[in-house]
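Try each task before you read its solution.

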Amino acid sequence: MIVTIDGPAGAGKSSIARKVAERLGFEFLDTGAMYRAVTLGAIRAQIEFDDVDALVDFASGVQLKWKNSRILLNGDDVTEEIRSPIVTSAIRHVADLPAVRKQLSKEQRRIAKGRDIVTEGRDQGSEVFPDAECKIFLTASSEERARRRQEQLIEVGRHLPLEDVLRSQDARDEEDRQRPIGSLRPADDAVVIESDGMTLDEVLEKALAIVAQKQV
Ligand code: C5P
């Protein structure tokens, strides 16, 4: 069974998708990490972001591997480094390219084939797995997402004003929504969870109930 969980940045997709997979005994695939890893690789290879041919070429030759929930880029563990702000702000140059999306989507389908898996991203239900048995779109208001993000940043010692967090989050939402292919949107048959005011546990139980309904 394939369960897709899509939604905007800061909606808590990763935590929920991981926990849903754990509770169901399913595999888990973080597709954002794949876009992040290719972006990091391009930065390391000093490819100019306006050189589309070089980017596509690079992406097609790159090797991504998963090992115990860690992501390896050409054999190098980049699990932490792909979360750096430099990578986050450069991702659109890679994620906007249809040829790169096609290649990563193909790889995502290959990984999911024949498996019980929860796959998380922006386009999983709408484009990569249109026939997935269960599709969830997890979202929350911009303010709520920014507040949660601000709290996470404080935990790692970064104190940013809420307006700054909100501004960069809005910019990323806009980039994710405007993308011509693979844009952020709920699939027509996705169940939307609007998580404002809900605890992580409440969201998890709701997501599990949605999956259970699709399993019968
Ligand atoms: O989920 P995460 O925030 O790690 O994703 C980083 C970026 O990767 C997103 O903002 C989006 O631009 C891109 N992405 C994508 N398609 C996916 C997953 C992520 O374009 N399926």
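**Exercise 1. Describe the second largest pocket: how much space lies in it, and which residues are closest to its centre?**

Step 1: start with the volume. About 410 Å³ of space lies in the second largest pocket. Here a pocket is an open set of points on a 1 Å grid over the protein atoms alone, where a 1.4 Å probe fits and protein lies on both sides within 12 Å along at least five of seven lines. The volume is the space filled by probe spheres set on those points, joined across faces, edges and corners.

Step 2: go to the lining, meaning residues with an atom within 4 Å of a point. There are 20 lining residues, and Arg18, Phe28, Trp66, Asn68 and Ser69 sit closest to the centre.

A quick word on ground rules: this is a predicted model, so local features need pLDDT of at least 70 and side-chain atom pairs pLDDT 80 or more, while totals for chains, interfaces and linings use all residues. Numbering runs from 1 along each chain as its sequence is written, and side-chain values use heavy atoms, leaving out hydrogens and water.

**Exercise 2. Which elements and domains build that pocket's lining?**

Step 1: look for elements that supply at least two residues: helix H1 (13-24), strand S2 (27-30) and strand S3 (64-67). These are DSSP runs numbered from the N terminus (helices H or I, at least four residues; strands E, at least two). S2 gives the largest share, 4 residues.

Step 2: check the domains, whose bounds come from an automatic or database assignment. Domain 1 (1-26 + 116-216) and domain 2 (30-115) each give at least three lining residues.

**Exercise 3. What surrounds the ligand, and which side chains make polar contacts with it?**

Step 1: find the shell, meaning residues with a heavy atom within 4 Å. It has 16 residues, with Arg36, Arg101, Asp123, Arg172 and Asp176 the closest.

Step 2: pick out polar contacts (N or O pairs within 3.5 Å). Arginine 36 has a side-chain N or O atom 2.7 Å from a ligand oxygen. For ligand nitrogen atoms, aspartate 123 puts a polar side-chain atom at 2.8 Å, and threonine 31 has a side-chain N or O atom at 3.0 Å.

Step 3: finish with the elements. H2 (31-44), H4 (85-95), S6 (117-121) and H8 (162-178) each give two or more shell residues, and H2 has the largest share, 4 residues.

Notes:
Polar contact = N/O pair within 3.5 Å; in protein donor to acceptor, adjacent residues only side chain to side chain.
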